[in-house]
Amino acid sequence: MDFSLSKELVDFRESVRQFAIQHVKPTAEQRDLDERWDPDIWRKMGEFGLLGLCFPEEYGGSGADCLTTTVATEAFAEGATDGGLTLAWGAHTIIGTMPIVLCGTKEQKERYVPKLASGEWVAGLGLTEPGSGSDAAGSMETRAEKKGDRYILNGAKMFITNGPIGDVFTVMAVTDKKKGPLGISVFLVEKNFPGFRVGKKLKKMGMRSSTTSELIFEDCEVPAENMIEKPNSGFLRVGKATLEWERTVLVASAIGSMHHMLDESIRYAKARRQFGEPIARFQAIQEKISRVRMKLDASRLLLYKSAVMKDQGKPAPIESSLAKVHATEAVIEAAYEMGQIHGGYCFIHEYPVERAYRDCRLGTLGGGTSEVMRSIIAANL
Ligand SMILES: Cc1cc2nc3c(=O)[nH]c(=O)nc-3n(C[C@H](O)[C@H](O)[C@H](O)COP(=O)(O)OP(=O)(O)OC[C@H]3O[C@@H](n4cnc5c(N)ncnc54)[C@H](O)[C@@H]3O)c2cc1C
């Protein structure tokens, strides 16, 4: 057992962190205040190879494995201090496009993946609905009915990351109601398909540099060849193949954010003087720093284990859920405690710890809540 990353991966991690420090961090505060996703930064991310990092090389990607993608996400979040853009990237690459990469036909891959790898197109996933999130499979109301060579979709999807800017969405819809969760299929819906429209952009507490909206399907016409996998394989095959990637790679944002907050807080605690000495001398401050470092290391080890298991082709339902619960709860605690170290400055937009405090709140909700993750762990045990 060797806990170190290869030199190649350490160097790549640093190059991603530097990219984010140079191109993303300088405008992170303003884009958060403006609730703005920036197409120029997105284009640069495409040129740097981030948008297609884990897609096969033959479709314009870099063929990176799950561990490399996880480490890159962590490094990006650490350098960028921009949870929103890190989320937009993950929604595009992992939940939006990996279903095509892992389960799509050759034609689907050829049509979509190169444009998504370069950043010419943006992707997203439409699973959650206004009336169902945790029970997305059991209570799904969006229907797809076959008519000739097309499927007709009716319904709505809620809280969709990249909704307002997306060109293509991986959308789940019921094709056989009698079969319940086993009667759901996955479709690739382009923004120009007749009957598709984007609802209003949602105003958010955090992750504000990503865009979120409802997606609406009113007799939306989707060519039958845009179904991923066979009818009714939405959860058993496509969901299964993608979910553990989501619960590993997207969660890496929490690790990067924790790492940045810890470094910043140590620096601040050494510089800030009260009662005639640096606050870093106070045991109450030291306790926060050592506790957050402990949580960071534990979260990182859980996450890397889950990523390595994905790369070894092993199912990781317990490991990915453990990593998600631990890291997303740890980053909330870290944001609180590192905020305490910053005193009143943690309340001021200019300090990244303020943004991290709002951004990290999504972690225990999106992609399966902490409660649901715990029930998956318990069910598997
Ligand atoms: C900013 C943002 C971005 C998002 N991006 C996307 C996206 O791109 N695509 C997408 O499809 N979805 C997206 N989501 C949706 C997200 O995944 C859901 O919000 C999440 O799955 C929770 O569903 P819900 O909000 O309907 O909560 P509910 O399922 O209604 O849950 C409410 C509460 O009940 C608890 N609960 C529910 N069932 C159980 C149970 N069995 N046991 C114990 N407790 C339970 C939950 O844990 C929670 O505390 C996004 C959400 C947000 C806020």
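1. Basis. Residue numbers start from 1 along each chain as its sequence is written. The model is predicted: local features need pLDDT of at least 70, side-chain atom pairs count only at pLDDT 80 or more, and totals for chains, interfaces and linings use all residues.

2. Ligand shell. The ligand is surrounded by 23 residues, where a residue is near a molecule if its C-beta atom, placed from the backbone, lies within 6 Å of it. The closest are Leu127, Gly133, Ser134, Thr369 and Glu371. The shell has 12 polar, 9 nonpolar and 2 charged residues; Ala, Val, Leu, Ile, Met, Phe, Trp, Tyr, Cys and Pro count as nonpolar, Asp, Glu, Lys and Arg as charged, and the others, Gly among them, as polar.

3. Origin of the shell. Strand S1 (123-126), strand S3 (150-161) and helix H12 (370-380) each give at least two shell residues. Helices (H or I, at least four residues) and strands (E, at least two) are DSSP runs numbered from the N terminus. The ligand lies between domain 2 (124-232) and domain 3 (251-380), because both give residues to its shell; the domain bounds come from an automatic or database domain assignment.

4. Backbone check. Most residues other than glycine have a negative phi. Glu35, in the loop between helix H2 (25-34) and helix H3 (39-48), has a positive phi of about 55°. Asp219, in strand S7 (residues 212-223), has a positive phi near 50°.

5. Exposure of these two. Glu35 is partly exposed, with 17 other C-beta atoms within 10 Å, whereas Asp219 is exposed, with 12. The classes count other C-beta atoms, placed from the backbone, within 10 Å of a residue's own: buried at 20 or more, exposed at 12 or fewer, partly exposed in between.
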